[in-house]
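Reader: Could you take me through the aromatic rings in this model, with a close look at how they pair up? I would enjoy one connected account.

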Amino acid sequence: MESSFPFLEAVIGFMILMYFFETYLDTRQHSALKLPTLPKTLEGVISQEKFEKSRAYSLEKSHFHFVHEFVTILMDSAILFFRVLPWFWKKSGDFVVLAGLNAENEILHTLAFLAGVTIWSQITDLPFSLYSTFVVEARHGFNKQTIWLFFRDMLKGICLMAILGPPIVAAIIVIVQKGGAYLAIYLWGFMFVLSLVMMTIYPILIAPLFNKFTPLPEGPLREKIEKLASSLNFPLKKLFVVDGSTRSSHSNAYMYGFFKNKRIVLYDTLIQQCKNDEEIVAVIAHELGHWKLNHTMYSFIAVQILTLLQFGGYTLVRNSSSLFQSFGFDTQPVIIGLIIFQHTIIPVQHLVSFALNLVSRAFEFQADAFAKALGYAASLRAGLVRLQEENLSAMNTDPWYSAYHYSHPPLVERLAAIDEETKKTD
């Protein structure tokens with residue numbers, strides 16, 4: 001006889017516990033953001049005007065975050081506590097029948113359920129997205145998109161989900177139904193292949209639906225980046241500029257591609273904001289450091305291992321009738337099993353997320369040191385300061401908050417590490 005452990009109550013309890021813990025960290029960060037002076041390391045480096053703007057922007061985002069998180073925990077807890085999911089699963093089955101289709105077909109039933117969940121999440125998230133984009137971001141000079149562009153992007157995203165979602169969901173259901181003893185391996189194998197396919201088609205077919213990618217024009221900047229890539233044996237095939245400025249004045253740079261087919265993408269805002277080519281090249285040197293030090297590969301392998309372990313855990317509980325009953329289900333649909341399992345492993349996910357952030361921050365320090373070793377210490381330092389200023393990133397950060405949330409070390413720590421390395425070299 002299976003134990004009637006109160007899974008639902010435990011999940012809601014932990015969600016609320018984590019909400020209070022993270023809100024405590026948020027209040028610590030909020031207090032740090034209110035500090036009226038720059039950290040000692042940044043005095044004379046960041047202008048007072050930029051500091052005041054950064055402080056105002058960070059505090060407004062913090063206020064907004066408190067409201068958003070409070071509404072989110074209320075809604076998520078209520079949906080679980082009042083058994084909204086089982087009710088909605090039944091209603092989606094009724095809709096399938098109403099459409100003249102067979103509700104016994106789990107794939108059709110699941111697609112109807114997920115379509116409803118997607119519509120609900122889009123509606124409930126819309127006010128927050130609109131406020132964040134057209135009030136918070138606009139007030140501080142970042143938002144560049146029109147309301148028309150915002151909704152056009154949203155519709156494109158929904159259409160992509162409608163095209164890509166059904167075959168993926170159908171495949172997962174079939175694998176679970178027929179997987180047998182090796183179910184976890186089959187599920188992982190499918191997700192592994194899917195991730196490779198998506199990494200291949202995203203930059204070629206999907207990203208251009210939202211942004212315009214143009215080759216970086218011939219000139220000194222292109223020559224310097226190509227020379228740097230060549231010196232590191234980085235197989236650079238294409239060098240793009242993306243029109244990030246059509247949506248936001250935040251800046252970035254990234255690279256992608258498999259094996260001998262690598263591409264580098266610069267945001268047009270990055271080129272506009274950096275004072276000279278050397279700062280941009282230093283940022284690229286940092287990114288190439290991640291490649292040269294195999295950080296991307298290590299991260300990919302870690303994600304694959306975690307995915308396999310997750311599916312292994314799912315296979316252990318997918319037939320637990322007491323687990324499904326605890327959440328209000330008298331049947332055991334595949335998608336519901338996956339959703340419930342995700343809820344039950346929230347404690348583990350928080351620990352894994354924290355560990356991955358620790359590793360990510362270590363990788364960032366290593367990539368900075370790599371760029372410095374190539375002779376870009378001064379330019380990287382200047383570039384990091386420039387990006388911090390232009391993006392109005394938080395200057396004062398609480399150590400507990402940043403340790404828990406940040407995948408990148410705060411600017412103060414990165415500059416200190418670069419300066420420390422420079423002193424050792426001297």
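Author: Happy to. Rings of Phe, Tyr and Trp, the last taken by its six-membered ring, count as a pair if their centres lie within 6.5 Å. In this predicted model, the structure holds 24 aromatic pairs. One of them joins Phe88 and Phe113, with 5.8 Å from centre to centre and 55 degrees between the planes, a tilted arrangement. This pair links distant parts of the chain: Phe88 belongs to helix H3 (residues 84–98) and Phe113 to helix H4 (residues 106–139), 25 residues apart. The two rings also have their own surroundings to consider. Phe88 is partly exposed, at a relative accessible area of 24%, while Phe113 is buried, at 0%.

Now for another pair: Trp188 and Phe192 have ring centres 5.4 Å apart and planes at 20 degrees, so they are stacked; planes under 30 degrees apart fall in that class. Both residues sit in helix H6 (residues 183–210), four residues apart, which is about one turn of the helix. Trp188 is partly exposed, with 25% relative accessibility, and Phe192 is partly exposed too, with a relative accessible area of 26%.

Arg28 lies over the face of Trp400, 4.1 Å from the ring centre. Likewise, Lys156 has its charged end over the ring of Phe210, at 5.8 Å from the centre.

Conventions: Residues are numbered from 1 along each chain as its sequence is written. This is a predicted model: local features need pLDDT of at least 70, side-chain atom pairs count only at pLDDT 80 or more; totals for chains, interfaces and linings use all residues. Side-chain values use heavy atoms; hydrogens and water are left out. Rings of Phe, Tyr and Trp (its six-membered ring) pair if their centres lie within 6.5 Å; planes under 30 degrees apart count as stacked, over 60 as edge-to-face and the rest as tilted. Helices (H or I, at least four residues) and strands (E, at least two) are DSSP runs, numbered from the N terminus. Buried means under 20% relative accessible area, exposed over 50%, partly exposed in between (1.4 Å probe, protein chains only). A charge sits over a ring if NZ of Lys or CZ of Arg is within 6 Å of the ring centre and within 35 degrees of the ring normal.
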